[in-house]
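Work through the exercises below with the sequence and the coordinates open. Each task sentence is followed by a solution in steps.

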Amino acid sequence: MKATGVIVEYNPFHNGHAFHLEQAKKISGAETIIAVMSGNFLQRGEPALISKWKRAEMALKGGADIVFELPYQYAVQQADIFASGAVSILEAAGCSSLCFGSESGNMESFHQTLSFLGKHHAAYQERVRVHLDAGVSYPKAASLAFLDLNPEDELVDLSKPNNILGFQYLNSARRIKSSMQLFTVARKSAGYHDEQFSSESIASATSIRKALFTGKGEIEGIRQYVPETTYQGLLQYKKEFGAFNQWEQYWPFLKFRLIHLKPEQLRCIYEMEEGLEHRFLSAAIQAESFQQFMEKIKTKRYTWTRLQRACVHILTNTEKTEMPNKPLKAEYLRLLGMSKNGRKYLNMHKSDLNLPLISRISSHAAQQLHLDIKASRVYAMGINAPEERNLMQQEFNQPPIMAD
């Protein structure tokens with residue numbers, strides 16, 4: 001059986017994602033879609049709207065056949081490390097291809113961009129340093145450095161979020177000498193950061209979350225932008241847990257952590273650099289909400305996303321020694337769910353997998369998964385009891401979801 005891979009967050013799964021899966025199968029000619037999905041905390045440094053188990057279920061009902069969890073040490077990371085972990089999982093799972101969404105929609109331009117930056121590596125790095133010294137954030141410095149090199153028109157615009165990730169997927173695949181063929185699908189209608197609904201059926205996950213968290217937060221308003229299975233899943237999750245997860249629910253825990261930590265302790269936390277600990281500690285005392293806190297610590301040098309990721313690592317007490325600071329390969333395949341077709345694929349290819357397959361947490365698996373387990377326990381703290389306890393226990397009790 002031929003499999004194509006996708007790298008996703010599904011926060012939540014919507015019509016644009018369903019279109020991507022349809023196109024991935026069509027373009028690749030694969031019978032099976034394997035999704036690598038972030039766990040309960042996401043690349044932008046946010047708690048997922050709903051738990052990884054519910055998101056995995058939505059993905060399977062929306063067209064995916066297998067869902068593996070992207071470990072915390074890769075999921076809550078900058079683009080290159082995020083990409084390296086995800087690509088290595090798809091490679092280990094035996095995917096013959098990887099299909100990603102992008103603003104470009106032109107795979108050849110990604111190859112040309114990778115070649116262009118390879119030829120101008122030294123000059124590019126020097127320009128990045130120049131812009132960093134001017135006080136801008138790394139993503140902004142990287143984008144400006146790229147423009148400084150006067151790239152040709154057919155190259156990819158690396159200021160766009162999905163183009164950046166796509167470029168890193170290709171770079172990661174090249175670095176590990178992957179045999180996977182890469183394809184890209186142009187994002188349809190809504191942009192990644194669009195906060196307003198802009199078409200009859202396609203909306204960004206950002207606009208969907210905004211609709212759920214503002215006003216009356218009624219789910220009915222997003223119904224036309226998500227598959228019916230997602231809509232029903234959201235209704236069920238809200239009924240079961242009382243609310244969707246967002247940063248404000250975790251603010252009391254983050255503030256407690258900050259006001260009890262000494263500066264030297266905070267410096268040990270991953271992504272805490274260059275005196276940020278003093279800024280964080282001062283703002284924590286003054287802020288009354290997470291939004292206020294973020295507004296107080298935001299600077300030109302650090303993006304909102306970068307600071308949010310640091311907040312997640314403080315919340316989960318993740319130290320620098322626990323996280324990779326350069327692209328590495330994942331160490332296991334954590335199975336969250338599968339369809340009948342996915343089960344057939346795993347039965348056929350189980351002996352060919354290049355990483356250990358973990359479907360239930362044993363004592364041995366728990367040692368490998370300690371960051372994922374810790375993150376899931378912290379995530380559950382945003383839910384009211386007794387549902388908090390149930391969500392914590394789900395990490396150990398939940399078998400892989402089976403979807404027909």
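**Exercise 1.** Which helix gives the most to the lining of the second largest cavity?

Solution. The model is predicted, so local features need pLDDT of at least 70 and side-chain atom pairs count only at pLDDT 80 or more, while totals for chains, interfaces and linings use all residues. Residues are numbered from 1 along each chain as its sequence is written, and side-chain values use heavy atoms, with hydrogens and water left out.

Step 1. On a 1 Å grid over the protein atoms alone, a cavity is a set of points where a 1.4 Å probe fits but cannot get out, and lining residues have an atom within 4 Å of a point. By this rule there are three cavities of 30 Å³ or more. The second largest cavity has a volume of about 70 Å³, a volume being the space filled by probe spheres set on the points, which are joined across faces, edges and corners.

Step 2. The lining of the second largest cavity consists of G39, N40, F41, K52, E69, L70, P71, Y72, A75, D372, A375 and S376.

Step 3. Helix 18 gives the most, with three residues. By class, the lining has six nonpolar, three polar and three charged residues (Ala, Val, Leu, Ile, Met, Phe, Trp, Tyr, Cys and Pro count as nonpolar, Asp, Glu, Lys and Arg as charged, and the others, Gly among them, as polar).

**Exercise 2.** Which residues lie nearest the centre of the second largest pocket?

Solution. Step 1. A pocket is an open set with protein on both sides within 12 Å along at least five of seven lines. The second largest pocket holds about 670 Å³ of space.

Step 1. Of the 20 lining residues, E46, R209, F213, Q291 and Q308 lie nearest the centre of this pocket. Helix 9 (205-213), helix 14 (290-297) and helix 15 (304-315) are the elements that give two or more residues.

Step 2. Helix 9 has the largest share of the lining, four residues. Six residues of the pocket lining are nonpolar, eight polar and six charged.

**Exercise 3.** At what angle do the axes of helix 11 and helix 15 cross?

Solution. Step 1. Axes are lines fitted to C-alpha atoms, for helices over the stretch in contact, and angles run from 0 to 180 degrees between N-to-C directions. The axes of helix 11 and helix 15 cross at roughly 75 degrees and come within 9 Å.

Step 1. Helix 11 and helix 15 are therefore roughly perpendicular (under 35 degrees is roughly parallel, over 145 roughly antiparallel, 65 to 115 roughly perpendicular and the rest oblique).

Step 2. Contact means heavy atoms within 4.5 Å. F253, L254, R257 and L258 of helix 11 meet C311, I314 and L315 of helix 15. Six of the contact residues are nonpolar, none polar and one charged.

**Exercise 4.** Why are helix 11 and helix 13 oblique to each other?

Solution. Step 1. The axes of helix 11 (residues 251-260) and helix 13 (residues 276-286) cross at roughly 125 degrees and come within 9 Å. The two helices are therefore oblique to each other.

Step 1. W251, K255, L258 and I259 of helix 11 make the contact with F280, L281, A284 and I285 of helix 13. This contact has seven nonpolar, no polar and one charged residues.
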